[in-house]
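Biologist: I'm new to this one. Could you show me how to read its core and its aromatic rings?

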Amino acid sequence: MIKVLDLYHVLTAVVPLYVAMILAYGSVKWWKIFSPDQCSGINRFVALFAVPLLSFHFISSNNPYAMNYKFIAADTLQKMVVLLVLAIWSRTSSRGSLEWSITLFSLSTLPNTLVMGIPLLKGMYGEFSGSLMVQIVVLQCIIWYTLMLFLFEYRGARLLIAEQFPDTAGSIISFRVDSDIISLDGKEPLQTEAEVGEDGKLHVTVRKSTSSRSEVFSRRSHGPNSGVSLTPRPSNLTNAEIYSLQSSRNPTPRGSSFNHTDFYSMVNGKNASNVSPRQSNFGNLGFDEESGVGGLGNHSRANGVYGQGNSGYPAPPSAGIFSPVSGPGAKKKANGTENGKDLHMFVWSSSASPVSEGGIHVFRGGDYGNDLSGVAHPKDYDEFGRDAFSFGNRSVPNGAAEPEGPVLSKLGSSSTADLHPKIGPGESRPTSMPPASVMTRLILIMVWRKLIRNPNTYSSLFGLTWSLVSFKWNIVMPAIIAKSIAILSDAGLGMAMFSLGLFMALQPKIIACGNSIAVFSMAVRFLTGPAVMAAASIAVGLRGVLLHIAIVQAALPQGIVPFVFAKEYNVHPDILSTGVIFGMLIALPITLVYYILLGL
């Protein structure tokens, strides 16, 4: 029977976490202490230092030779059963899809064990339950999060191949990915180049689009009598793709119409009036100095910008909107434009962002949208009436009539145009994919590049290695190193909750995906996950307190890292956002209910 004192110990362990989260929420939402830029900096610190060191502290202090293998087997069996059921469902059901399988797997099997699980379970069942949670954390970081990355990169590879090789994908026998590409998440415009080997098979090279690798040439004068030379230097618009969004429903990029002089003066700020406009080389982006009209030319489908077609990769919601027509100080003119400028630009970052580091990241407001590109049944999701993007001032240059739906003009050469013959009447388009070995090698390359840039990967591996060495030969970590780690790891738990509060405050909605989807996702998180865990635990022979711990840890709120992945790869980020935010708010009463019922 649960005593009142036991409940007090549980609240003592958990309430301080909520205090940190509420303070962070109020500092942004009510008191306006932190700006979005400052919040981003705080979360950058949490992602790169606080949480990795916290993870290292727990893993390195846990004895790997005293692990409870039945408990680990139950946790592994739960995840394998869910994964198998979802794989069968996605293959056999007309409503199944890879995207929904990934999301449902995250919701049902990946709880917030590190931040919420360890203090909560320690308060409920004592210190020994904390070591069980650490064992779960090790498996999550090393195995299950890596599996999630594998699934996301597999989805990205399928979209890339389906977009650029719709007819000849089965003939691809090798992929070469340039070293500056670290992910197929669709945030960077990519292009492919294919060569036909002597055996008639395709050898594909994936690289960034020509526009993302362009350089801007500046004019430099070397004296009154000297000529003008063109000296290349890096552009401050590197990896910027300029689009004009002409559909409020689908964020499909098209050629943009804007004034070059206004654009140049906006980029260069106060000094723009004293310097002549520079010409920028955006690959195949045509620009007319006379009329000030720029646009993307129509090119081969084979080497199009990856992820911008109708087949599956819209501009991600995390892309920054860089537009002079938006902002708090903009003034509207009579014709509906602001400041007389018409420019919409998605800024794509080429460097690893805080999101890709696997830590907690704050995105600067804005709805995530429900653009489920690549999902088999988007209408089932669109019934909630949420637009992914909506921009005004959608006029078409030169007075042309706006076509039905969005149209994309792609970058690229015609080097592989002959590889995609037109489909004649009565012919069916093949849907084959490259051989499994080719796909596996491509995905492993991309997953490896992501993992080696993730500080949590190193913290988990180093922590596990140190624990194996220290508990084997009773080696004590030098005090100077231990205290250096402890000073940040001790702050890691509070900073992680503080960061979560900042994230909550910057979101326009706590329930971002709609009420019906939110209820469904909470049922999967707090009912389906614990039920499958209970069945798996009983199957492997867990009884008593160990069974209770297994069920309660499965009923923890949604993990933060799966949401980070979902946001980065644009796979139902609003659902995972709701799982994190709303799940945190209702997690305490739900886990207390499980704790009380299991203790009867």
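Modeller: A nonpolar core is a set of buried Ala, Val, Leu, Ile, Met, Phe, Trp, Tyr and Cys residues joined through side-chain atoms within 4.5 Å. Buried means under 20% relative accessible area, exposed over 50%, and partly exposed in between (1.4 Å probe, protein chains only). This is a predicted model, where local features need pLDDT of at least 70 and side-chain atom pairs count only at pLDDT 80 or more, while totals for chains, interfaces and linings use all residues. Residues are numbered from 1 along each chain as its sequence is written, and side-chain values use heavy atoms, leaving out hydrogens and water.

Biologist: How many residues does the largest nonpolar core have?

Modeller: In soluble globular proteins, nonpolar side chains tend to be buried together. Here the largest core has 114 residues, and Phe71, Leu121, Met124, Phe165, Phe175 and Val206 have the most contacts inside it. Its largest share, 16 residues, comes from helix 6 (residues 127-164); helices are DSSP runs of H or I, at least four residues, numbered from the N terminus.

Biologist: And how do I read a ring pair?

Modeller: You describe a pair of aromatic rings by the distance of the centres and the angle of the planes. Rings of Phe, Tyr and Trp (its six-membered ring) pair if their centres lie within 6.5 Å; planes under 30 degrees apart are stacked, over 60 edge-to-face, the rest tilted. There are 11 aromatic pairs in this structure. Phe152 and Phe565 have ring centres 6.3 Å apart and planes at 70 degrees, so they are edge-to-face. Phe152 sits in helix 6 and Phe565 in helix 14 (residues 560-569), so the pair ties together parts 413 residues apart in sequence.

Biologist: Are Phe152 and Phe565 buried or exposed?

Modeller: Both are buried.

Conventions
Helices (H or I, at least four residues) and strands (E, at least two) are DSSP runs, numbered from the N terminus.
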